[in-house]
Every structure is written in C-alpha cells, then in structure tokens.
Amino acid sequence: MSFLGRLFRSSLRMKFVLPISAMIAISLLLISGYLIKQQSAGYLQELEASGRTMIRMLAINAESGVLFENRYDLEEQLKTPAQFEAVKFVVVSNNDGLVLASIGDTSLATGAVRKEEHAQSPDSTFTRKDSGKDGAEFLVLCMPVVTYKQAYNRENLGITGGLDGTGDAATVREVIGHIELGLSLDKVNQAIFEAKIASYLFTLVIMLGAIVMLAFIVGAITKPLRVLVDVTDQVSKGDLSQRVSITQRDEIGHLADTFNRMIESLKQSRDEVEQYNRNLEEKIVERTLQLEEAQAQLIQSEKMSAIGQLAAGVAHELNNPLGGILGYAQFTLEKLNKNIPEKTTAREIQSYIRYVSDIETQARRCKTIVQNLLKFSRSSRTVDFDDVDVNKAVEETLSFVAHQLHLSQIELEVQLDAKLPHIQGNIGQLQQVFTNLIINAMHASAQGSKIRIQSRYSPALGEFGGAVELTFKDFGHGIKDEHLKKIFEPFFTTKEIGKGTGLGLSVSYGIIKEHGGEITVQSEVGVGSTFTIVLPVQKPDADTDNRKEAKYSFGQ
C-alpha cells in the first residue's frame with residue numbers, strides 16, 4: 001500500500017500531524033540551506049577580500065625587490081604573511097618565471113601567470129580554487145607586480161641637455177613580476193561545517209518542538225471528536241442511552257449538541273417502532289389464526305365440492321352391493337320360511353351359509369366405501385402426520401372415482417411400484433390432492449381417452465433421504481403456455497363457469513408444500529398434461545419455509 005493510501009486510512013490526528021510536520025520540516029530545511037549557502041559565500045568572500053588586500057600590499061612592497069631582484073628584501077617582506085595560519089604559500093617571480101622569493105608549500109603553486117591578461121589590466125587580481133594531493137582545498141590569488149616610469153619627449157630636450165619648465169613627461173606602467181598567494185580553506189570549510197551542524201541541530205530542535213506542539217494542539221482538537229466517534233459506535237450497536245459530554249462552545253460543541261438531539265429523536269422513534277411492532281405482532285397472530293381457520297374451511301369446502309362431484313359414483317358403488325345384500329337376504333328369508341328346520345338338509349344349510357357370506361362381503365364393501373368417503377371428508381383443525389402407504393392412498397382414492405371415469409368412458413392405467421416405502425404425511429390431505437388431479441385430468445380428457453397414474457421411488461443419496469414420486473398424466477387438450485404460470489394461483493381456472501372454483505390446484509399446492517414436497521406440471525397443447533408430485537420419505541420439519549409457505553398461502 002502506498003504512503004498516501006496509508007495516510008488516508010490513518011486517524012484524523014495523523015492526517016493533521018504528518019502533513020503539517022512534513023511542511024514544517026521542508027520549510028526549515030530550505031531556510032537552513034539558504035542561510036548556510038549565504039553564510040558559506042560570506043566566509044569565502046571575507047577570505048578572498050583578506051587575500052586581495054594582502055596580495056595587493058605585497059605587490060606594492062615588492063616593486064623594488066622584483067625590479068632589482070633583491071631576494072633578501074623580498075624574503076623579509078614575505079615574513080609578514082607567513083605569520084598568518086591561512087597562508088599556505090607565497091611565490092614571487094619575475095616576468096621570466098624565475099622565483100625570486102617564496103614561503104610555504106611552493107609545490108602547490110601552479111606558476112600559471114596570465115601575462116596577457118595582466119598586460120591589459122595590470123591591477124587586476126585573479127582568483128581560483130584548487131586542491132592538493134591530500135584533497136585539501138585552498139584559494140589561489142595571483143597579482144602582477146608593476147612599476148611606474150616617466151617617458152620624456154626628445155623634441156623638448158634643450159641643447160644643454162636639461163629640461164625647461166614646459167617639459168612634458170608621461171608616466172608608463174610596466175609589469176615586472178607576479179605574486180601568487182595560496183590561502184587554506186580548512187578554517188572556512190570547518191566554519192561552514194560547524195554552521196551546517198548548528199543549523200541542522202537548530203532545525204531539528206525547532207521541528208521536534210513544532211511537532212510536539214502540533215500533536216498537542218491537534219490532540220486537543222481531535223479528543224472531543226474521538227469521544228463523538230466512540231459514542232457513535234455505541235449508538236450504531238443499538239445503545240441509544242449514550243450521550244456526548246462535550247462542553248465546548250465551538251463548532252464541535254454544536255455538533256455534539258446536535259448529535260445528542262439526534263440520539264433522543266432516534267430513541268423516541270425506536271420506542272414508537274417497537275410499540276408498533278408489538279401491536280403488529282398481535283395483529284399478525286390474530287390474522288394468522290383467521291387465515292388458518294379460513295384455509296381449513298377452504299380446504300374442507302374444496303373437499304366437499306369434490307365429494308359432490310363423486311356423489312353419483314359413490315351412490316353407484318353402494319347401490320350394487322346393497323342390491324346383492326337385499327337379494328340374498330330376501331332369498332334366504334324365503335327359503336327359511338318354507339323349510340322346516342328338522343327337515344333342512346346339509347346342502348340347503350351350505351347354501352344359506354354362502355348367501356350370508358355374500359351378504360357379509362357386500363356389507364364390508366359398503367363399509368369400506370363409506371369409511372373411505374368419511375376419511376376423505378373428515379375436517380380437522382390440526383394436521384397429524386403418520387406413516388402413509390402412498391400406493392394404498394391412491395387405491396382408496398380410485399375406489400370412489402372409478403365410476404366417474406367409467407361414466408366418462410376414460411380408461412385408467414395404474415402402475416404402482418410395489419417396493420414403495422411409507423412416508424410421513426396426512427392420508428386425507430394426500431387423497432384430496434390425488435382426487436383433484438384425477439378429476440382435472442378427467443375434465444381435460446375426451447371420451448375414449450386414457451389417464452395414467454404411476455409411482456416410483458427415488459433412493460437416498462448423500463444428505464438426500466429419498467422421495468416418492470407420483471405422476472398423473474392425461475392425453476387431453478393440454479394447457480396454454482401463458483396459463484402454466486398461473487394454474488396454482490387461487491381462483492384461476494380455465495374451466496367453464498359452474499365447473500370449477502379455481503381452488504383445487506391452489507389447495508393441492510399448499511398441501512404438498514406442507515408435506516415438504518414439490519408439485520410441478522408439464523403440458524403441451526393438444527398432447528396432454530403431466531402433474532408430478534415429489535414427497536420426501538423423511539418427516540418434514542414443521543418449521544421449514546415450505547410448510548410456512550403452505551400454511552399462509554394458497555400456492556403463492
């Protein structure tokens with residue numbers, strides 16, 4: 001992560017202290033560098049000015065010594081600059097480059113006398129920096145030694161060889177030698193170094209003091225902000241009892257007062273919302289009970305509607321065994337009335353036994369039909385889940401719809417898996433689903449058509465505990481694509497008025513969801529429809545989303 005990225009993620013205090021401290025440090029370093037540079041230039045100018053004065057005095061005093069090449073006189077004059085610690089060497093030479101006198105380390109002298117330049121400007125002094133083999137720096141000053149001569153005009157000379165009062169003499173300057181002066185820069189460099197150290201230390205002290213003072217000031221400014229942040233964190237966690245205790249009379253204090261008022265407003269709003277929620281929960285419980293009661297009534301109503309459609313078939317189913325019972329009973333009574341008990345033969349007794357057995361068989365058949373019908377029509381406020389044999393539930397359902405299919409001339413093809421395991425469910429509700437699907441298939445089919453019912457087992461796999469799959473397939477007119485998404489919606493029906501309420505599939509959807517299963521449909525216009533029911537073998541959890549969805553909705 002870059003420095004700017006880390007700075008942006010740091011605390012507010014660091015965002016203030018670091019940039020301002022950096023600005024102070026850079027400003028102090030720039031100012032110190034400028035001052036050191038000026039001071040260094042001043043030291044050099046001062047040394048150079050001293051050197052110029054010294055070499056000028058030497059040049060003036062050395063005129064006669066150079067002119068007459070008086071080495072003794074020159075050496076005596078050089079004793080004076082030799083007393084200065086800064087003087088590394090002094091070399092006096094004539095125009096031919098002959099050294100007339102010298103002091104110090106003359107090996108540092110270059111002897112590079114600029115005769116042409118001095119000829120043009122005899123009083124000029126040349127200065128340059130140089131360094132020895134040991135790396136020590138020194139300042140070299142070079143100045144010519146000049147003499148002055150008077151030139152007389154020969155035309156003005158008298159015949160006596162003297163000069164009259166009007167004689168005109170011209171003064172001429174002549175370079176007769178050179179002086180090269182070397183001044184050590186050690187003291188100057190040492191003074192510059194000490195000035196740099198002092199400047200850097202001063203800058204460091206000022207910078208540290210400024211940072212400490214800045215940190216203290218920023219800390220004093222951000223402290224109430226930290227208090228505000230801490231209280232904000234507590235409030236974000238739901239603790240609306242917190243308050244910001246800041247007594248400042250500035251913008252931060254005003255912010256704290258506003259924040260406290262906001263917390264009061266939030267607390268009041270939350271109390272109101274909680275009160276609304278409590279009232280809403282009571283309303284939801286009340287409405288839920290009403291919905292449960294309405295749903296139970298609706299399921300029972302749909303069930304009774306199905307029973308009404310099956311009434312003719314049930315009556316026929318009961319009529320046949322009742323007719324047999326009546327016939328056998330009348331025939332047996334007639335025989336018993338005519339026969340004398342003492343003269344009754346064994347063959348006649350066997351006939352009577354067979355007649356009574358047939359009466360018992362037909363009576364049991366009536367009882368079974370009535371029991372199945374009662375079981376189907378039974379209303380219950382609670383849904384009890386027991387072991388259910390799905391194949392048996394299908395067969396019992398067919399016992400009171402078979403006659404309806406026979407009257408409609410529709411063939412029923414049943415293929416049930418004999419190894420189907422029991423499931424956890426409510427047999428009455430499942431039979432209601434089966435009845436709705438068979439009746440819908442019958443209404444969708446033409447005479448001479450066929451309805452196929454199949455069951456099969458999907459074995460357990462991993463966490464999947466296995467399921468029972470039922471298919472109800474008809475070869476009728478099918479369902480249009482735009483209706484497929486709506487067939488499980490309450491009161492949606494494609495039947496003619498008076499032939500359906502639009503609640504059969506919706507109620508069936510809710511029952512299957514309550515059993516933790518799924519119901520799907522595939523249909524093609526002109527080919528037929530297939531409804532598939534998948535029911536888990538394991539007992540569904542009463543608190544699952546599927547059961548909640550089935551409990552409070554009709555397929556939505």
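## Strands 10 and 12

Strand 10 (residues 467-474) and strand 12 (residues 528-536) form an antiparallel pair over 8 bridges. Two strands count as paired if DSSP finds at least two bridges between them. Strands (E, at least two residues) and helices (H or I, at least four) are DSSP runs numbered from the N terminus. Leu470 sits opposite Ile533 of strand 12.

This is a predicted model: local features need pLDDT of at least 70, side-chain atom pairs count only at pLDDT 80 or more, and totals for chains, interfaces and linings use all residues. Residues are numbered from 1 along each chain as its sequence is written, and side-chain values use heavy atoms, leaving out hydrogens and water.

An open sheet holds 5 strands in the order 7-9-10-12-11, with mixed pairing. Strand 7 (411-415) and strand 11 (518-524) are the edges; each has a single partner strand, so one side of each lacks a neighbour in the sheet. On average, neighbouring strands are turned by 15 degrees against each other, direction ignored.

Helix 11 packs on this sheet. Helix 11 touches strand 9 (450-458), strand 10 and strand 12. Its direction makes about 25 degrees with that of strand 10. Contact means heavy atoms within 4.5 Å.

## Helix 9 against helix 11

The axes of helix 9 (residues 390-399) and helix 11 (residues 427-444) come within 9 Å and cross at roughly 55 degrees. Axes are lines fitted to C-alpha atoms, for helices over the stretch in contact, and angles run from 0 to 180 degrees between N-to-C directions.

Helix 9 contributes Val390, Ala393, Val394, Glu396, Thr397 and Leu398 to the contact. Helix 11 contributes Ile427, Gln431, Phe434, Thr435 and Ile438.
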